[in-house]
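Here is a short report on one protein chain. Keep the structure in view as you read, and look up each residue when it is named.

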Amino acid sequence: MACCIATLVGLHLSSATPTSSDIALLQSQVTQLQQQASTTNTSATKIQALEVKLEAQVQRIAVLEQARVDHSSQINALTARAADHANTSQVADVEAQLTAQSVRIETVEATTVDTASQLHEQTVLLKSLSELHGTALGSPIVLEDGYVGWYSSVALSLMDTPVVSYYDDTNDDLKLAVCGDATCSTSILRIVDSDGDVGWYTSLALTSSGYPVISYH
């Protein structure tokens with residue numbers, strides 16, 4: 001731009017006698033050139049500022065893209081962990097159910113063994129009673145009606161009369177029958193415990209004084 005100004009000045013100075021109009025024209029041209037130079041500098045400054053903003057936007061976009069990728073990776077990892085946890089929970093639930101079933105089977109087996117043992121003991125006791133009194137085993141004695149007689153246990157009193165503990169399934173009670181004679185033709189029935197569903201797996205024993213002692217569930 002300085003070279004152009006110098007050229008214009010040289011052209012006017014080469015005139016034989018510069019006039020005031022020539023000087024005014026020269027000054028006007030110089031002013032225009034200065035304005036053009038100022039405009040050019042301003043545009044360059046604006047362009048530089050826009051380039052800086054553009055670079056900042058590009059960097060921000062790159063940061064957001066990386067954040068999106070990281071977030072997506074975290075979601076995938078959490079999804080995989082949730083799936084693993086669900087599988088682990090399902091396996092644990094199945095194992096717990098199998099364990100519960102095994103415990104129930106063991107309980108049923110133990111109950112069956114206990115019941116068979118009790119039946120064997122009662123059969124031996126009845127045979128002993130029959131031999132003791134010189135009579136054959138006859139028809140069973142019905143102490144009371146209903147769904148009764150479960151988990152029974154028998155012992156002989158001091159008078160050699162049967163004493164029977166049993167579970168009354170009709171009323172969910174623990175009961176005791178004290179026979180009046182060896183054949184239990186008469187008996188006294190007593191409710192020992194009626195607080196809830198009680199009287200399972202009874203086991204009867206008599207003290208040296210003839211008092212009944214019963215363990216039960």
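**The disulfide**

C179 and C184 form a disulfide, with 1.9 Å between their sulfur atoms. The model is a predicted one. A disulfide is a covalent bond joining the sulfur atoms of two cysteines. The count for this structure is one disulfide. The torsion about the S-S bond of C179 and C184 is about -75°, so this disulfide is left-handed.

Are its two cysteines buried or exposed? C179 is buried, at a relative accessible area of 5%. C184 is buried too, at 9%. Both values fall under the 20% cut-off for buried residues.

**The sheet**

C179 belongs to strand β3, which covers residues 173-179. Now look at the sheet around this strand. Four strands form an open sheet, and their order is β1-β2-β3-β4. The pairing is antiparallel. Strands β1 and β4 stand at the edges, and each has a single partner strand, so one side of each is left without a neighbour in the sheet. From one strand to the next, the twist averages 25°.

Take the strand pairs in turn. β1 and β2 pair in the antiparallel sense over six bridges. In this pair, L156 has P162 of β2 as its bridge partner. β2 and β3 also pair in the antiparallel sense, over six bridges. Here S165 stands opposite L176 in β3. In a regular strand, side chains alternate between the two faces of the sheet.

**Two loops with a positive phi**

What is the phi of D160? It is positive, about 60°, although D160 is not a glycine. D160 sits in the loop between β1 and β2. These two strands make a hairpin with five residues between them. D160 counts as partly exposed, with a relative accessibility of 34%.

D172 has a positive phi of about 60° as well, and D172 is not a glycine either. Its place is the loop between β2 and β3. D172 is partly exposed, at 29% relative accessibility.

**The aromatic residues**

A pair of aromatic rings is described by the distance of the centres and the angle of the planes. The structure has six aromatic pairs. One of them joins Y151 and Y167. This pair is tilted, with 6.1 Å from centre to centre and 45° between the planes. It links distant parts of the chain: Y151 lies in strand β1 (residues 148-156), Y167 lies in strand β2 (residues 162-168), and they are 16 residues apart.

Y151 is buried, with a relative accessible area of 16%. Y167 is buried, with a value of 2%. Y151 also pairs with W200. Their ring centres are 5.7 Å apart and their planes are at 20°, so the pair is stacked. The cut-off behind that word is an angle under 30 degrees. W200 is partly exposed, with a relative accessible area of 27%.

Which residues form one aromatic cluster? They are W150, Y151, Y167, W200 and Y201.

**The salt bridges**

Side chains of opposite charge can pair when their charged atoms come close. A search of the whole structure finds two salt bridges. The table lists them.

| Salt bridge | Distance, N to O |
|---|---|
| R68 and E65 | 2.7 Å |
| K175 and D168 | 2.9 Å |

Where do R68 and E65 lie? They are in helix α2 (residues 20-133). They are three residues apart there, so about one helical turn separates them. E65 is partly exposed, with a relative accessible area of 39%.

Technical notes. Residues are numbered from 1 along each chain as its sequence is written. This is a predicted model: local features need pLDDT of at least 70, side-chain atom pairs count only at pLDDT 80 or more; totals for chains, interfaces and linings use all residues. Side-chain values use heavy atoms; hydrogens and water are left out. Rings of Phe, Tyr and Trp (its six-membered ring) pair if their centres lie within 6.5 Å; planes under 30 degrees apart count as stacked, over 60 as edge-to-face and the rest as tilted. Buried means under 20% relative accessible area, exposed over 50%, partly exposed in between (1.4 Å probe, protein chains only). Two strands pair if DSSP finds at least two bridges between them. Axes are lines fitted to C-alpha atoms, for helices over the stretch in contact, and angles run from 0 to 180 degrees between N-to-C directions. A disulfide is a pair of cysteine sulfur atoms within 2.5 Å. A salt bridge is a side-chain nitrogen of Lys or Arg within 4 Å of a carboxyl oxygen of Asp or Glu.
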